[in-house]
Amino acid sequence: MNLFNFHKVFLIVPLSFILFCQSKHDSLVIEIEDLISKEKYEKALVLLHDRLSSNKPTAEVLSKNRPNQPRLLMPSDDRTKIIWTENKTLFFRDLINDKSFQRELKLRPDSIMSSANGEYVAIQYPLRQYGGCAVFGYSASDSNLEHESLVHIPCKTGMGITNQGDALLYFFENDLFLEKIGKPNKPEKFMSGELFPTPFPKLKTHFHIAPIGNEFLVWSGVGGAYNLFFLNIEQKKVSLVSKDIVLPRFYPHNGNSGYVVGGKIGDLYLKEVNYQSGRVPSISKGIPIVTREAYSWRLSGKDEFITLNQNDPNQPMKWKVLGKKEHMPFFIERMWGVSGDRIIYENKKGELVLDDLIFSKDDWDMYEFYKKVKKLSDN
């Protein structure tokens, strides 16, 4: 083949590929328009829903499994690493260095809590015969590290593990215990629960723990009313951060800040928590939000967040403080925000997928088409 013919072939192949992609999109449009003309709106909606539920070409499928029970997933506090479970398997993934690790567990976990750096994880296993949960500590990458606590605690009780993987923390009978990982593994009462007063002392207190850097946040309360505390392990010191927290959840951002939901039911605020090693965190007055924005992950744009719209079907919804809310042309089941303005999500097939939030013109056109057909169907 001479050089001239080689160039012709080189030019023809990409062009034929582009035409194929266009024809695939166009053929779907033609098929849907035909269904609309016959007023078969439901069938057209099924085709559009399938198209908008499919993974984009940029997607990376982290797992093709559909677990029997919902996955448990946690990002590190800088959101560059994730730990998740599928039935009795624990998975670890470094999203920056493209490293992964997995290990088999004894049972299907009831709950998990990773260290702030994403290198270690505390796991609760349900004890069906005795009630409550057993607590274990694991390394995300060292299969030799496995530590079983001698204490059994009520399931869903707050727990944590240090960045060094050398100690477990958990609440037992309303007191905070610290248990060194390794031998001898003797649980020791670390602090009295009285140092974490609740807004309603006469009601049963629920404690929750989340790692921030080398320290921890602790929630104390019940229902939609919690006090939030900062726990410095090294100094053995507790400091009150806020008295008006609604959800015992922390949404990490970049390793130096994250978000909690404060206010009261019906009057919610997304509050930014800024922290540095050894210092009591500061907390903002907060951004007024509605309920659907209470599960939001921060993006890199100024005052920009991503959440699920909590409708049917679920869509990622980008929103700005005092700005517009924009539904993404994409249908998913669950979602977590990670570094680089990306999300990890579960699709309708049960796969776990990593992708960005950049969509093509075809994606947006299909979403507008979906809205048009949905309106016709509803009418």
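The side chains of R51 and D363 meet in a salt bridge, with 2.8 Å from N to O, where a salt bridge is a side-chain nitrogen of Lys or Arg within 4 Å of a carboxyl oxygen of Asp or Glu. Because R51 lies in helix α2 (residues 41-53) and D363 in helix α3 (residues 361-378), the pair ties together parts that are 312 residues apart in sequence; helices (H or I, at least four residues) and strands (E, at least two) are DSSP runs, numbered from the N terminus. R51 counts as partly exposed at 22% relative accessibility, whereas D363 counts as buried at 9%. Here buried means under 20% relative accessible area, exposed over 50%, and partly exposed in between, with a 1.4 Å probe and protein chains only.

This is a predicted model, in which local features need pLDDT of at least 70 and side-chain atom pairs count only at pLDDT 80 or more, while totals for chains, interfaces and linings use all residues. Residues are numbered from 1 along each chain as its sequence is written, and side-chain values use heavy atoms, with hydrogens and water left out.

## Other salt bridges

By the rule given above, the count comes to 22 salt bridges. One of them joins the side chains of R71 and E86, at 2.9 Å from N to O. R71 lies in the loop between β1 (60-63) and β2 (72-75) and E86 in strand β3 (residues 81-86), so this pair ties together parts that are 15 residues apart in sequence. R71 is buried, with a relative accessible area of 2%, and E86 also counts as buried, at 4% relative accessibility.

Another salt bridge is formed by the side chains of E146 and K106, at 3.4 Å from N to O. E146 lies in strand β9 and K106 in the loop between β5 (99-104) and β6 (111-114), so the parts tied together are 40 residues apart in sequence. E146 is partly exposed, with a relative accessible area of 40%, and K106 is partly exposed as well, with 46%. Salt bridges that share partners join R71, E86, R334 and E346 into one network.

## The disulfide

The structure holds one disulfide, defined as a pair of cysteine sulfur atoms within 2.5 Å. This disulfide joins C133 to C155, with 2.1 Å from S to S, and the link is right-handed, with 95° about the S-S bond. The pair links distant parts of the chain, with C133 in strand β8 (residues 133-139) and C155 in the loop between β9 (146-153) and β10 (159-161), 22 residues apart. C133 counts as buried at 0% relative accessibility, whereas C155 counts as partly exposed at 30%.

A nonpolar core is a set of buried Ala, Val, Leu, Ile, Met, Phe, Trp, Tyr and Cys residues joined through side-chain atoms within 4.5 Å. The largest has 37 residues, and those with the most contacts inside it are I82, V261, L270, I306 and I344. Apart from this core lies another, of 26 residues, among them I83, Y125, I153 and Y170.

Leaving aside its neighbours within four places in sequence, V261 is in contact with I245, V246, L247, L268, Y269, L270, I289 and A294, where contact means heavy atoms within 4.5 Å. S257 has its place in strand β19 (residues 257-264) and counts as buried at 3% relative accessibility. With neighbours within four places in sequence again left aside, S257 is in contact with F250, P252, E272, V273, N274 and Y275.
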